[in-house]
Amino acid sequence: MASLKKELPELRKILVLRVRRIQTSRVPPWAKVALSLFGLTVFYVVTAVGNRSETDDAFGYAQAIEHGPLRELVGPQSARHLLFLPLFRGLYLALRWTGLHARAYDEVRFVSAVIAACAVTLMAFLLRRRFGLSKLTSLAGAAGLAVSYGFWRYANEAEVYSIAILLMLLICWIAFADGVSTRASMAAGAVAALAVLIDAEVAVTAFVAVPIAFLLRRRFRRLAVYCMVLILLLAVFTLALYRYSHPQGKTFVSYVLGASAPERHGLTGKYSPSTAPSSLIAFGQTVTAGNFLFAYPSIAQRLREALPNRRVALAYAAERASPAVRLLAPILLAALLFVTVSLLLSLRSQPRRRLDAKLIGVASWFVSLGVVLAGRNSNPEAWILELPAIWILIAALLFEPIGSQTRRRIIILVPLCLLAFNAVSGWIMRSKAYDLNVLKAQWLLSNAGVGDAVLTADNGKFGLYLQYYSRANVQCLEGRTASQLRHLYERVLHDARHLYITGDIFNPPRSPYLDAKRRRRIVNFGASIRPSLEKIIDDEFGGIYVPGTARSSRLKGSNLPTEVACF
């Protein structure tokens with residue numbers, strides 16, 4: 001009887017384990033993957049922001065997909081994303097052939113959400129199968145990527161980041177296998193070539209992280225095969241696209257490297273004492289949403305003075321945010337910091353995981369790409385490609401070493417707190433009512449039609465938005481010489497049925513993409529034509545002007561008043 005009592009707990013434990021196995025075996029693995037993809041896609045679609053005034057290139061991409069000649073889609077201006085636009089042009093035409101006539105912007109956004117869901121699911125498998133982490137740690141690491149603000153925000157945007165991250169993870173999935181074969185090495189090289197052609201910044205992962213992992217594991221033969229396939233495919237496809245686009249005055253080398261040069265983006269491409277802190281802030285904003293800081297007037301004023309004009313749209317929305325954001329965001333941020341610090345402190349009593357070849361490869365990805373981005377771009381958007389690397393390192397070096405199963409469950413609090421904080425802080429951009437592009441363009445979209453022309457000098461984003469949604473001929477003044485500005489004005493003044501000019505040509509918004517020389521050129525142009533213009537719309541965004549003699553014809557038939565007091 002006594003021996004039976006001793007055996008009962010063991011029998012109960014065995015019975016519970018068998019019941020759990022039976023329960024989990026009822027759900028096949030493919031169903032779990034499908035459920036994950038569906039749930040994540042719905043999550044990214046439902047939580048999409050309404051205020052999209054902070055995006056840099058999304059509307060320009062959508063315009064190119066719908067109307068851009070194919071030669072321009074693979075021209076020098078697209079050298080950083082040679083295959084991105086053509087691929088989505090093909091998808092856009094295929095959907096129209098099936099009878100779906102949606103705008104390219106909405107189609108790309110939805111496809112991006114689906115791809116982002118695939119990336120998060122693959123991240124969980126990568127951590128579990130390739131890095132040998134526990135199921136809970138793998139889920140926590142993938143969840144961290146899923147709710148990081150930059151990834152979450154751009155998962156539902158007409159941008160390149162979702163597909164670039166998916167391909168980066170797919171390269172690691174193939175190349176980091178323990179028994180990687182020659183065929184697998186060739187496949188990894190082919191995927192890496194495709195990824196680099198879609199987004200050139202993936203080259204850091206392709207040419208640094210994967211080769212280092214191969215080298216440290218002494219897979220020299222596999223490395224040679226991988227590099228040969230990667231370089232050969234890149235050379236063949238890039239040369240073919242160069243010959244097809246036939247860029248005037250561009251050599252093959254300048255075609256490949258020219259569009260990724262810092263000067264093309266209005267940036268210096270140099271390192272300075274401010275490089276490290278600005279890069280750290282930019283990367284931090286891709287993990288946690290710093291939007292809530294703009295909701296405090298005193299802090300917002302300092303930030304608007306210190307940061308480029310790209311944050312004006314965010315500041316405009318934050319000033320009108322709900323008071324709940326000011327209250328909840330600091331509390332949730334404090335909770336996130338508390339959980340993170342607690343985990344870091346608990347590591348002191350735990351054995352540390354050694355850096356194996358795969359983790360060293362991921363660390364080299366994070367460091368090398370960070371160095372490239374730091375010298376080129378302080379825009380938080382560009383740092384999104386660092387998120388998979390940092391969450392792999394966090395999962396392996398911070399989450400996994402936590403000792404007991406009970407304490408390990410605490411790691412799930414990190415993505416949960418991050419989810420709550422980013423949801424509250426990111427809520428500032430939730431409403432379309434405070435979208436600067438929408439507010440500034442509403443009169444022009446209602447009144448400027450086919451045969452009309454619009455001149456604007458608002459930092460590119462507004463111009464791209466207006467070009468995409470307006471039926472008028474919208475011309476942005478950035479990047480033009482003085483003679484080109486004068487010639488453009490004379491041409492549209494002669495050819496356009498109605499000419500509308502936004503008030504920003506007299507005081508162009510400051511932007512890292514518009515240096516002092518180019519800005520002064522636009523200001524001088526605006527001053528030269530100012531005496532001949534007459535303001536027909538007066539609003540907080542600088543108003544709208546027309547040539548003075550045409551005031552009555554511009555307003556004739558308009559259903560809006562001459563003076564508009566907006567918001």
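Trainee: How many bridges join β4 to strand β5, and do the two run parallel or antiparallel?

Mentor: Happy to! This is a predicted model, in which local features need pLDDT of at least 70 and side-chain atom pairs count only at pLDDT 80 or more, while totals for chains, interfaces and linings use all residues. Residues are numbered from 1 along each chain as its sequence is written, and side-chain values use heavy atoms, leaving out hydrogens and water.

Now your pair: β4 and β5 (residues 544-547) are joined by 4 bridges and run antiparallel. Within it, K535 has Y545 of β5 as its bridge partner. Strands here are DSSP runs of E with at least two residues, helices are runs of H or I with at least four, and both are numbered from the N terminus; two strands pair if DSSP finds at least two bridges between them.

Step back, and 5 strands form an open sheet with mixed pairing, in the order β2-β1-β3-β5-β4. Its edge strands, β2 (473-476) and β4 (533-537), each pair on one side only.

Further along, β1 runs parallel to β2, with 4 bridges, and parallel to β3, with 3 bridges. L455 stands opposite Q475 in β2, while V454 has Y500 in β3 as its bridge partner. From β1, A453 and L455 point one way and V454 and T456 the other, and all are buried, meaning under 20% relative accessible area with a 1.4 Å probe, protein chains only (exposed is over 50%, partly exposed in between).
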